[in-house]
Amino acid sequence: MTVGRIICILIGYAIGLFQTGYIYGKTQHIDIREHGSGNAGTTNALRVLGKKAGLIVFLGDVFKCFFAVELVRLLFKHTYPDILPLLSLYAAAGAILGHNFPFYLHFKGGKGIAATAGLILAFHWPFLIVAIPVFCILFFTTHYVSLCSLSAYAAAFILVLVFGHMGKYGMDQPHTVELYIVMAVLTAMAFYRHRANIGRLL
């Protein structure tokens, strides 16, 4: 089954390579990575190109991760129905890796927050009921997007643990623990990608 996990990651990575911010920037005759904060994500697109660009990039990055998860579910729903949540998370992880580290852009992409919103939407959308208010409350009180994003990410990770312990994913304990580990790695990667922002916040 290790091969299945690798396939899911590769499917996600291939889809995650669709760099919405970079592509949209090129339609405006700029390389978005050479402006603002220097990454190809939603926040920088919003900062450099305005609200319309920010919305387009956000939706593109959300739905590429969503599509990766749904594609893996479609491919494996009859073959591995008992561990489909885990395989879905591997697909989302691949999409986030493709977004953050696109090989054809010298591994210089975004930070994966909008793509993670796609993960939550596809993996277990009720998590958004918690993640969105966390983001919005912090945004309107602090105006630090990085703080809002990381807090919402941490909240999603906690919810994965809570729902897993409640048996909501229908998997045995080893696979549920593996699910926790994958989500923990994604959360740690998000914090690492925001390390400069964290330094400034501190």
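## Close-up views of a predicted model

**View 1. Arg5 and Glu178 are both buried.** Here, buried means under 20% relative accessible area, while exposed means over 50% and partly exposed lies in between (1.4 Å probe, protein chains only). Arg5 forms a salt bridge with Glu178, and their closest N and O atoms are 2.6 Å apart. Arg5 belongs to helix α1 (residues 2-16) and Glu178 to helix α9 (residues 173-193), so this pair ties together parts that are 173 residues apart in sequence. A salt bridge is counted when a side-chain nitrogen of Lys or Arg is within 4 Å of a carboxyl oxygen of Asp or Glu. By this rule there are 4 salt bridges. Side chains of opposite charge can pair when their charged atoms come close.

A few notes on reading these views: this is a predicted model, in which local features need pLDDT of at least 70 and side-chain atom pairs count only at pLDDT 80 or more, whereas totals for chains, interfaces and linings use all residues. Residues are numbered from 1 along each chain as its sequence is written, and side-chain values use heavy atoms, with hydrogens and water left out.

**View 2. Asp61 pairs with Lys64 in a salt bridge.** The closest N and O atoms of Asp61 and Lys64 are 3.3 Å apart. Both residues sit in helix α4 (residues 51-76), and because Asp61 and Lys64 are 3 residues apart, about one helical turn separates them. Helices (H or I, at least four residues) and strands (E, at least two) are DSSP runs, numbered from the N terminus. Is this pair buried or exposed? Asp61 is buried, with a relative accessible area of 0%, and Lys64 is buried too, at 4%.

**View 3. Glu70 and Arg73 form another salt bridge.** Stay with helix α4, where Glu70 and Arg73 are 3 residues apart and separated by about one helical turn. Their closest N and O atoms are 2.9 Å apart. Glu70 is partly exposed, with a relative accessible area of 30%, and Arg73 also counts as partly exposed, at 22%.

**View 4. Leu55, Phe58, Leu59 and Phe63 form a nonpolar patch on the surface.** Together these residues have about 360 Å² of accessible area, a value from the Shrake-Rupley method with a 1.4 Å probe, where for residues only the protein chains shown count as cover. Patches are made of residues with over 30% relative accessible area and no salt bridge; like charges are joined within 9 Å, and nonpolar side chains (Val, Leu, Ile, Met, Phe, Trp, Tyr) within 5 Å. Leu59 is in helix α4 and is partly exposed, with a relative accessible area of 38%.

**View 5. Helix α3 (residues 42-49) packs with α4 at an angle of about 160°.** Their axes are 7 Å apart, and the angle makes α3 roughly antiparallel to α4. Axes are lines fitted to C-alpha atoms, for helices over the stretch in contact, and angles run from 0 to 180 degrees between N-to-C directions. Angles under 35 degrees count as roughly parallel, over 145 as roughly antiparallel, 65 to 115 as roughly perpendicular and the rest as oblique. Leu49 is found in α3 and is partly exposed, at 29% relative accessible area.

**View 6. Helix α5 (residues 84-100) and helix α6 (residues 113-124) cross at roughly 165°.** The axes of α5 and α6 come within 9 Å, and these helices are roughly antiparallel to each other.
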